[in-house]
Amino acid sequence: MAAFLGLSEHYERFSASGIAQGSVALLAVLIAAHLGLMPLLTRKPRFNPKDKHCYIGGGSEGLGLSLACQLAERGAHVTIISRSQSKLDKALELVKANRQYPAQIFQAYACDLTDPSAAASTLHTACRAHTSSSPDYVFACAGGCVPGFFTETSAAKHWECMEWNFRTCLNTVHEGVKAMKADGKRGGRVVLTSSVLALMSFAGYSTYSPSKYAIRGLAEALRNELQLYGISVHLFLPATIYSPGFENEQRLKPEVTKKIEGPDEGKSPDAVAEEMLKGLERNDFYITYEPVGHMLRNSRAITPRNNILFDAFWSLAGTIVFPIWRVLSPDGEVRKAARAKTVK
Ligand SMILES: NC(=O)C1=CN([C@@H]2O[C@H](COP(=O)(O)OP(=O)(O)OC[C@H]3O[C@@H](n4cnc5c(N)ncnc54)[C@H](OP(=O)(O)O)[C@@H]3O)[C@@H](O)[C@H]2O)C=CC1
Ligand SMILES: CCCCCCCCCCCCCCCC(=O)[C@@H](N)CO
């Protein structure tokens with residue numbers, strides 16, 4: 001066909017040229033990146049909580065408490081925060097039961113993390129028991145869900161849910177990162193708890209999903225920016241967790257919402273906390289642990305396409321273009337700035 005069109009000569013010249021060889025090399029790099037080989041080339045410090053100060057916002061129940069116990073079991077110093085002192089007292093006993101060695105420090109502080117100044121003073125107080133004035137790993141787990149139909153939920157309640165999830169996360173992480181930066185601590189980690197409902201949403205979650213999408217947005221910006229200080233950022237995206245919080249939300253949940261999320265099996269807080277730790281060991285940025293999460297993380301989920309054909313093309317183009325651009329521009333520029341120490 002090419003010969004018929006008189007193109008064979010052009011083809012031979014093209015294939016011998018640097019452009020063709022360069023393209024093949026670029027394609028090979030792309031495929032390697034997509035196979036997940038890039039992390040092998042850019043080695044990050046391994047996640048090991050032993051002897052580390054792990055600071056958990058929302059650690060007296062559910063996911064945060066399970067996480068606190070598992071971190072204690074792995075030899076970490078653990079601080080848990082929540083609003084209610086009575087829940088904290090009970091929780092701290094459970095955390096202490098996982099002690100591995102006498103010098104492990106376990107603390108619990110009552111604080112409403114929606115309040116930025118209370119969040120700040122609590123973090124600094126917790127660090128006083130330690131040699132370093134910043135925690136090593138910060139986990140933002142506080143929050144919850146008030147499902148309901150959009151118009152049947154007051155605008156004030158919508159905003160309250162935003163504060164409950166986004167503000168508690170923001171305040172915890174903001175203070176933790178400022179302290180790490182002031183200490184010049186590298187190798188710190190920040191884990192933001194969002195939900196699979198930050199990758200798709202449907203009826204009943206108009207109060208909740210926006211706050212979880214906001215956390216996802218924060219994680220995206222911080223993953224890039226905190227390379228300035230050598231801090232890794234992770235976004236945890238769990239599906240249903242059978243926690244005390246979930247029992248409350250079930251009482252308010254419209255039937256239609258229950259039907260839609262019916263196929264989701266759900267897991268215990270212990271099992272979900274274990275999945276978070278596995279994700280941290282893999283050094284994943286978006287941590288998902290079941291097929292629904294993996295599919296949502298890699299697709300446009302239930303968002304309708306404008307045009308199936310064009311959108312399939314743009315989807316493929318984006319999958320190729322953005323990972324390259326990320327390395328060259330956002331990550332490249334931030335790392336360059338970090339090396340040049342131009343950032344104050
Ligand atoms: N359960 C689920 O199906 C899912 C949950 N998630 C998310 O995972 C996280 C944990 O959920 P889950 O384990 O179910 O939650 P729980 O309600 O079981 O526990 C939440 C914890 O956060 C604390 N907390 C809540 N609000 C505040 C606040 N303002 N300041 C300080 N501490 C607070 C609670 O203590 P206290 O009340 O004493 O303050 C408690 O210790 C949440 O962010 C949730 O949105 C994500 C996906 C699914
Ligand atoms: C054949 C098709 C298979 C696809 C199945 C899709 C199942 C939908 C899963 C929705 C899961 C929603 C979890 C909500 C978690 C959460 O954040 C709330 N509980 C708030 O706390």
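1. Two strands are taken to pair if DSSP finds at least two bridges between them. Strands (E, at least two residues) and helices (H or I, at least four) are DSSP runs, numbered from the N terminus. On that basis Gly57 stands opposite Ile81 in E2. Five bridges join E1 (residues 53–57) to E2 (residues 77–82), and the two run parallel.

2. The model is a predicted one, in which local features need pLDDT of at least 70 and side-chain atom pairs count only at pLDDT 80 or more, while totals for chains, interfaces and linings use all residues. Residues are numbered from 1 along each chain as its sequence is written, with chains lettered from A and ligands numbered from 1 in the order in which they are written.

3. Overall content: the protein chain has 14 helices and seven strands. Of its 344 residues, 35% are buried (20 or more other C-beta atoms within 10 Å of the residue's own, with C-beta atoms placed from the backbone; exposed means 12 or fewer, partly exposed in between). Among contacts with a separation of 6 or more, 76% join residues 24 or more positions apart; a contact requires C-beta atoms, placed from the backbone, to lie within 7 Å.

4. The sheet is open and has seven strands in the order E3-E2-E1-E4-E5-E6-E7, with parallel pairing. Its edge strands, each pairing on one side only, are E3 (106–110) and E7 (286–287). E2 pairs with E3 in the parallel sense over five bridges, and the bridge partner of Ser82 in E3 is Ala110. Helix H6 (residues 116–127) packs on the sheet and touches E1, E2 and E3; its direction makes about 160° with that of E3. H11 also packs on the sheet, touching E5 (189–193), E6 (232–236) and E7, and makes about 145° with the direction of E6. Such angles run from 0 to 180 degrees between N-to-C directions, and axes are lines fitted to C-alpha atoms, for helices over the stretch in contact.

5. E5 is largely enclosed by the rest of the structure, because five of its five residues are buried. Arg189, Val191 and Thr193 point one way from E5, and Val190 and Leu192 the other. E5 pairs with E4 (residues 137–140) in the parallel sense over four bridges, with Tyr137 opposite Arg189.

6. H4 (residues 62–73) packs against H11 (residues 269–282) at about 60°, with axes 8 Å apart. Residues of H4 in this contact include Gly62, Leu65 and Gln70, and those of H11 include Pro269, Ala273 and Leu277. By class, the contact has eight nonpolar, three polar and two charged residues (Ala, Val, Leu, Ile, Met, Phe, Trp, Tyr, Cys and Pro are nonpolar; Asp, Glu, Lys and Arg charged; the others, Gly among them, polar).

7. Ligand 1 is surrounded by 33 residues, the closest being Gly58, Gly62, Arg83, Gly143 and Gly245; a residue is near if its C-beta atom, placed from the backbone, lies within 6 Å of the molecule. H4, E2, H7 (155–183) and H9 (244–252) each supply at least two residues of this shell, which has twelve nonpolar, 17 polar and four charged residues.

8. Ligand 2 has 13 residues around it, with Cys145, Ser195, Glu261, Pro263 and Asp264 the closest. Eight residues of this shell are nonpolar, two polar and three charged.

Key
Two residues are in contact if their C-beta atoms, placed from the backbone, lie within 7 Å.
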